[in-house]
Every structure is written in C-alpha cells, then in structure tokens.
Amino acid sequence: MRRKLAAGGVRRVPARRRTELGLIILAVMLTGGLYALAGLGKAGNLPANIGPFLIIIFALIFAAHFAVRRLAPNADPILLPTAGLLNGIGYVFIARLSNHEARLQAVWTAIGIGCFIGTLLLVRRGRDLERYRYSFAFLGIGLLLLPLVPGIGENINGARLWIHLGSFNFQPGEIAKLALAIFFASIMVERADLLSQGTRRIGRFLVLDPRYLAPILVAWGLSLVIFFAENDLGSSFLFFALFIGMLWVATGRHYYLGLGAGLFAVGSVLALKVIGHTRSRISGWLDPWAHSNTSGYQLIQGWFAIAAGGIFGEGPGQSNAAHIPEASTDLIFAVIADELGLIGAAALLFGYLLMVGTGLRVAVRCERPFEKLLATGLSLIIGVQTFVIVGGVTRLIPLTGITLPFVSYGGSSLIANYILLALLLRLSHDTETLPAPAPIMEAVSA
Amino acid sequence: MNRQIRLVGLGMIVLFVALFLQLNYLQVVHAKALESNPLNGRAVVREYTAKRGDIVSADGVTLATSVPTPDQFKYLRQYPAGPLFEQITGFWSFTYGADGVERTYDKVLTGGSSPFHLPTSLSGLQQLFSNHDKSQSLTLTVLDKLQTLAQKELAGRIGSVVALNPKTGAILAMYSNPTFDPNQLSSHNLQQVQAAYKALQAVPGGVLSPGAYRQRWFPGSTFKIVTSSAVFDHQPSLVTKTYPVLSALILPQTTNLLHNFAGERCGGQLMQLFTVSCNSGFGQIGLDLGAGSLYAEAHSFGFGQTPPVDLPFAAQSTFPTADAFTHDLPGLAYSAIGQQDVQATPLEMALVASAIADGGTIMTPHVLDKVTNAQNQVVSTYQPKPWLQATSTATAAQVTQLMLSVVNSPNGTGAAARIPGIQVAAKTGTAQTGTNKIDAWFAAFAPAQDPQIAVAVLIPDQPSQNEYQGGTLAAPIAKALIQAYLSTAKATP
C-alpha cells in the first residue's frame, strides 16, 4: 500500500480492497458451507474433496482480487465478492446435479477469471473503448450472426445460438451483447443531442424525424433477425431491451420507451405468426396445464420444484432434482428455490439486485457520458437477464432459454459475465481516480 | 442522465419485487395446491424413492433388498428368492403399489414411523442435514427351508401349504401355486411392468391373490374338527351316541341322500366316525347339534371373521348364519362335513388345527419376527397375542385324541402322516367340488403332547379317485414339513 501511495493519486486503497477481501472470505465460507451441506444432503457424509475445493475457489477468487488490487485498486469492493458468491452457489448446485458438468464448470470458472484479469490488463482506461466503437459493432453483429454460418452453427433445443469447433461448444451471443453495449454507449453519447431532438413539425403535430428513427429500426431489425433465424427469444429480448433502455437513458426521451414497446409488440406478433418454436413457448406460458406434457412441461416441473421448497427449502442436496429438465442451465433457479426455499431464493435475487444497484451507482458516479452509459448498459444486462430467466421460470413472463448470470452451467455465459464484471470494475476505478486532486491530497497526507 | 439512471434502478427494483412476490405466491400461497396437483409426481416419487430396509427369512435368507440405481427412483427393489416368497413379501411397484409385507410394513421399512429426535451428537447433527439412512429391516418368522420344502412337495401342482407355530401364531411357511416373480413388478421399466401385470391378471386361478390366505375352498372333512369340538362344547351326550352304519344318510325335507365317500358303509360312535371320516354319521351329528350350536362353534374358530394376520386383504372364511338353515336342514348336514356354503382359506384350516394344538386358543397369525435398524440394532420384536378362544382346553384335549386316531388307527384316513417317534394329530379332507372333482385337504399338528407345528395342506381340483383323497395326496406333504421342522427344532434348541 505504501508503495502505491508513493506512486501518487491513489486514495482509499487499503480500505476498499480490505473490505473486498473480507467479503471474499465471507463468500468463500458461505460457498464452502453450502458445498458441505449439499454433500451431506445428497450422500449422507461430508464431501471428500471439501479441502481442495475450498482452496481452489479461494485461490481463484483471490487471483481476481489480487488483479483488482494491482490494476483497479479504487474499484468498488462489493461487485467481485457478490459475483464470486453467485458463482460459488451456482457451482455447488451444478456439482449437486452432475459431477461431469461440475468439473467443466470449474474449468470455465478458471478461464472466466483469466478473462477477468485479461480484461483489466487490456482495458487500462474505460474511455479507450470508445475509440474502437465500430470494431465492437462489427464484432458484436458478427458474433450474433456466427451461429447462422453453416458448418459451425448448431441447433440445440430448437434454437440456433451455438457454434461448435471440434468438441467445443460456444454461445457467441453472450460475448456479443458486451460488444454491442460498448458500441451503443459510444454512438448514443455522440448523437444524444440529435436523437433527443429528432422531432419535426408537420402542421400542428410534432412527429419523429425518420432520419433519427433509423438506428432504432436497425436495432429492431437486428433483434428480429436473431429472433427469426436463431429462434432465440431470450437473447433477442435482452438485446432489444438493452438498446431501448440505453437510448432512453442517453436521450431522456420517453417516446423511445413507447416506441420500443410498440415495436416489440409488433415483432412479437410477427414472430408468433411465423415461428412454431415461439408459438409453443407462448402457449406453454399462457396455459401450461393444457400443455403439461409438451411446451408447459418445463414450466410445470419448475413450479412443482419451487412449490416443494416452501419457505425454508428441502435442504441442499435433499430434493429429487431428477424431475426437473435442464436443471443445471435454464431451470437452475427452480432447483435453488426448491432446496434453499423462499429465503434462499430471495437472498439470491437480492445478490443480483445488489450487483445491479452497485453497477448503476458506478454509472451515476461516472463523469463522462460514455462511461455513464456503458455502466448503465452493463448493469442492465445483468438485471434484465436475471429477470428474464427467473421471471420465465416462475411464469411472470414466457420461459426462454437464457442463463442465470454466474449461476447457470455454461462456459460462454460465465466468461461473458466475468468480462462484464471487469469492465464495471474498470469504470468504477476510473471514476474514483479521475478527479485526481492528487497534489492537495499528497500535501495533506505528507 | 443521472435521473434516468436512477429511474432504471427504480425499474429494476420494481421488476425484482415482482419476482419476489411471485416467489411468495408459488412457495407460500399456492404451494399446497401445487403439491396436491395430480400432475405432481414428486410426493409419489419421494415416497417411492425412500430407502427401504431388507426383508430376511427367519433362517437368514434375504428375501427383498434395495439396490441403488442412477435413475430418478434411486433404488431398485429386488427379490432374490423370486416367486418362492412372493405371497409373503409381496411386491413394491411404482405403478401398482405394494402388496404383502411390503404393504403392511411400508412405513417400518422406510423408517417413516420412527420418531424425530433432536441431535445430541455430531453424527446426529450430520443426520439432521442429510437424508440419513432411516430404513429398517424386517426379520420374518418364515423359514426359507420350510418354504422351499413346501414348494418342492407341491411339485408345481396348484395348491397351498401353511405351517405355523400354534403357541405363538408365527407363520413358519406359507406357499401357494400359482405364484410369480415379484421382480417383474418392481422393475423401473414401466412398459415392461405394465405388460407383466397384464399377463399376471390373465393367469387362471388369480395369481395376484395368494391362495393361502386370500382364496377360499370347501374345507370338506377337515371341518369335522370344528363339528367335533361343537359336540364336546354344546352336546357332550352325542359323544357316546352310536350312529347307524350306512352308505348314505337320508336327508330331511328332501329325497336327497348324503353319500359316504366312494359309497363306503360306516357308523358308530364319534371316535369311529372321526377316524374313518364318516359323512353319514357327521351329517346326522350336524342335524342333532342344530344350526345354532354349529354356527357358534364355527364362529369361535374364526369363520366369518377376518384373521388379523399382518398381510393385506386376508379373506374371511365363511359359515352360514343359523337362520339360513331353518328351511334347509340338508344344508346343515352338508355344512357339518364342510360342504355347501362352508368355505375356508388354507390359513384358516391351519389356525383350526393350531386351536386344538394350543389348548383351544388361536394365537394371532403373523409373519413379522423383529425390526432391525440400519445400525443392525433390534428396534422391536413381535409380541405374540391370542386372537380367539376357539374352545376349552378340555375339548381341545378330547379332539386331539380323535385326531391322533386318524393317524394311528389301522383304519384311520391319515395313516400316511405317521412319523416314527412323533405323535401326529390330523384330519383329512376330500371336498366334493362337482362331478368327479375333489379338493384334497390335510390339517395336522405335532408332536401331540407338546405341539410345535400346525400344518394345513390343500391340493384342489383333483380327479375323484381313491388315491387323491386328502390322506394320500396332501398328508405326505404335511408329514414332510413336520419332520423337517421338528428335526431343525431339535438341532437348534
């Protein structure tokens, strides 16, 4: 610490990072306890590998913590421990469901943390991202459309959102949403004034200038392409909501919200008419009991699991998860609600809300509009994605195949979320460092 | 921009509150309704997947055990003895429920009935957080050795063998043909299970209803044990009444005749009538006793009552009520020799023999000996208790003399059951079931001075020829069981 202080311009380092370390130890203890209980619940004795397990998760998250210490020492102390806790809870439940997937998830976690450190290393200042906006735009759109390329694209469960290279499956849409968030943030900030004044007077009416309508129509078109070509309702909605949300935040014009809702409705009706996959999802949502063996099956089994949990849950490892389809990915929230009950499920939701809230606080504290908007976008991704999958599993909205951030089994999702986390921490570090009234502070401390 | 960002935060909170409310609805408000939804298989599967203890024979042979499986049912119930013990252990099927001991002692096997204790040790705390092994194993009173012998002696013929300890009511063997392999119903392949069940339903003779305690036949002359007891209990003067030697009894209210078996001529006092199983004599005894006395005696021997055996759906043995005979005196004569409307399960006839063996008391028949927990500690032991006081000790002693005469007299019908050095008391039965069809019965106990085992054997639907009388067909099976059991009992005092 002393060394860093000497480097100059760095405030509150010890306190923030010490807080983070304390929270990390708490998160590791919670994860370890949960792992032990799940082992007890499932096999009747403590897991044999509890020692190595604790060491490995502590080593992984401590590596991330150490990177933050060196590379973004002023960043917010809550985000990393919360993400680590969610990741740990997710791992415990994946291990409780399938040893094979747990081993893979452990590898993915390590790669995810590697990407987290790599992102912090590579992106030294948040504002640098703005310069590569079109590269990110092409990267994002390219990744989104990659599954459509014959030969590497693959259909899983009726949706074409996977690519496979050899025995290696990857969902490029997960990374694409980050690239697009960066692109949106930079382009919207630049054109915010134009976009917010895009009305023209015709007679006595103010109407939207078609020129400024163009970007929103392009985004809508792109989300429809994802919708139609890849059958990915969840990603399509996430992408569109991200765009409209960021546009509204950038311009402060409410009609974008109305326009977005209207376009989404039109797109939904269009999709419903054309795509059978979507139609069955919707009918399974509106009346799952009538489709209890087909499109409503997942939903009903998820409901039964959640209901079986009650307030206190059946206990980690003690439910019969064999009833639940896609238990480790789409429906992992149902397994958690079953075994940890209302209390555990609510705590998990609170963890996400904490991350979203912290992310938005970072956005508020950012000085420059680009960083502000990017932090908002990244927070929106976590919040909307959580809402879409948890709302889907609990039947607030139609169930779509999308991952629960940090918790669900899946490599691409985990990597994307760790990169997102690194970007948020980078932005957070920038805002806490930027004012840099360094000479005065140094004078005071000296 | 900050205003919008705060509004985004507010919007997120609204969305998450909506999620939280929906969770409350699912996990608290609506949880009961979802749990009882007919589509919800969780409760059924939870019950079905609970670990069950083993079922073990008295001589240590595993009859039922649970093998871990990787599927959603967690354990596969297996019956290593196959069809041999099906009618006792029953089966445990996801689709068709349970039968036999699996049904009666379901809660005991899963430990569902064991009380909850607050943890007092570290291992107790460990058990609180885990689905620890609460299962309990059952040791039965049934001997694999006797059960195997019964199966071997029946040699594939349809029929039943029931052996029990008259002093405790412990069932030592209970085997019937036809039987089936319970493994085909406990399988996790639901299509195969359904196909197997269909095939079993189609088997003539009702393979899903154990013959030994769920099916009834005319007891024939073995019922004369009850009729004779009625004589001692209600009208002792008939003991020394000499009945005329006849080949057939002329029945009142009709021109019908009650024939002796194969047209034989017989008569004399009760001892002679019992020894040769004289139908004409016993028909007249029935008429002399009257419907009221005979009904009362039958009822006290367990007819018209469901035996409290620890197996499900035990059938009642039947004897018509007294007023049914007011205008049907021939029916009374036929009932006195175990025909017409008298029907008994093989278990009931074993209990009749055990009543005489145990000084007039019928002990509650049972197959459970003791319950053991997963740590191999005995949790509880079956305490024998009387079911009925069928008759007096004095009458039981008198009827024992009659039954000894059946085996020991030169003209007794049960000579085939004689065992050197062991006094066997018995009664044969050859019930007419139609033209030229008989059910061969044998009810016995031994040793007469200190009864250890009571046996009933039934081989139904045999051609009506001399060698198929109960004394020739069924007696050797009873003899084999008695010999086998008494030699074991002697070897292990």
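Helix H12 (224–234), helix H13 (270–276), helix H17 (346–357) and strand E17 (425–434) of chain B are among the elements that cover the buried residues of H18(B). The model is predicted. Chain B also touches chain A, through 37 residues of chain B and 45 residues of chain A.

**Helix H18 of chain B**

- H18(B) spans residues 393–408, which makes 16 residues.
- From first C-alpha to last, H18(B) reaches 22 Å, close to the 22 Å expected at 1.5 Å a residue.
- Which residues of H18(B) are buried? They are Thr395(B), Gln398(B), Val399(B), Leu402(B), Met403(B), Val406(B) and Val407(B).
- An α-helix has 3.6 residues a turn, so residues three or four places apart point the same way.
- The cover over the buried residues of H18(B) includes both helices and a strand, E17(B).

**The sheet that includes E17 of chain B**

- E17(B) belongs to an open sheet of five strands.
- The order is E8-E7-E19-E18-E17 in chain B, and the pairing is antiparallel.
- Strand E8 (171–177) and E17 of chain B form the edges, and each pairs on one side only.
- On average, neighbouring strands of this sheet are turned by 10° against each other, direction ignored.
- How many bridges join E7(B) to E8(B)? There are six, between strand E7 (residues 159–164) and E8(B), and the two run antiparallel.
- Ser160(B) has Ser176(B), in E8(B), as its bridge partner.
- Helix H8 (residues 144–154) of chain B lies across E7 and E8 of chain B. H8(B) runs at about 30° to E8(B).

- Strand E6 (residues 136–140) and strand E14 (residues 368–373) of chain B run antiparallel, joined by five bridges.
- Leu138(B) has Val371(B), in E14(B), as its bridge partner.
- Val371(B) also has a bridge partner in E15(B), namely Ser380(B).
- Strand E15 (residues 378–381) of chain B runs antiparallel to E14(B), with three bridges between them.
- E14(B) and E15(B) form a hairpin with four residues between the strands. In this hairpin, Asn376(B) takes a positive phi near 70°.
- Strands of a sheet pair through backbone hydrogen bonds, either parallel or antiparallel.

**Where chain A touches chain B**

- The contact takes 45 residues from chain A and 37 residues from chain B.
- Five helices of chain A each supply at least two residues of the side that touches chain B: H2 (13–43), H9 (233–251), H12 (297–309), H13 (332–365) and H14 (369–394).
- Which helix gives the most to this side of chain A? H13(A) does, with twelve residues.
- By type, the residues on this side of chain A divide into 27 nonpolar, 17 polar and one charged.

**The two chains overall**

- Chain A has 446 residues, and buried residues make up 54% of them.
- The secondary structure of chain A comes to 16 helices and five strands.
- In chain A, 71% of the contacts with a separation of 6 or more are between residues 24 or more positions apart.
- Chain B has 493 residues, of which 49% count as buried.
- The secondary structure of chain B comes to 20 helices and 19 strands.
- In chain B, residues 24 or more positions apart account for 68% of the contacts with a separation of 6 or more.

How values were computed
Residues numbered from 1 in each chain as written. Chains lettered and ligands numbered in written order. Predicted model: local features only at pLDDT ≥ 70, side-chain atom pairs only at ≥ 80, totals over all residues. Contact = placed C-beta atoms within 7 Å. Nonpolar A, V, L, I, M, F, W, Y, C, P; charged D, E, K, R; others polar. Expected span 1.5 Å × (residues − 1). Buried ≥ 20, exposed ≤ 12 C-beta atoms within 10 Å, placed from the backbone. Pairing = 2+ DSSP bridges. Axes fitted to C-alpha atoms, helices over the stretch in contact; angles between N-to-C directions.
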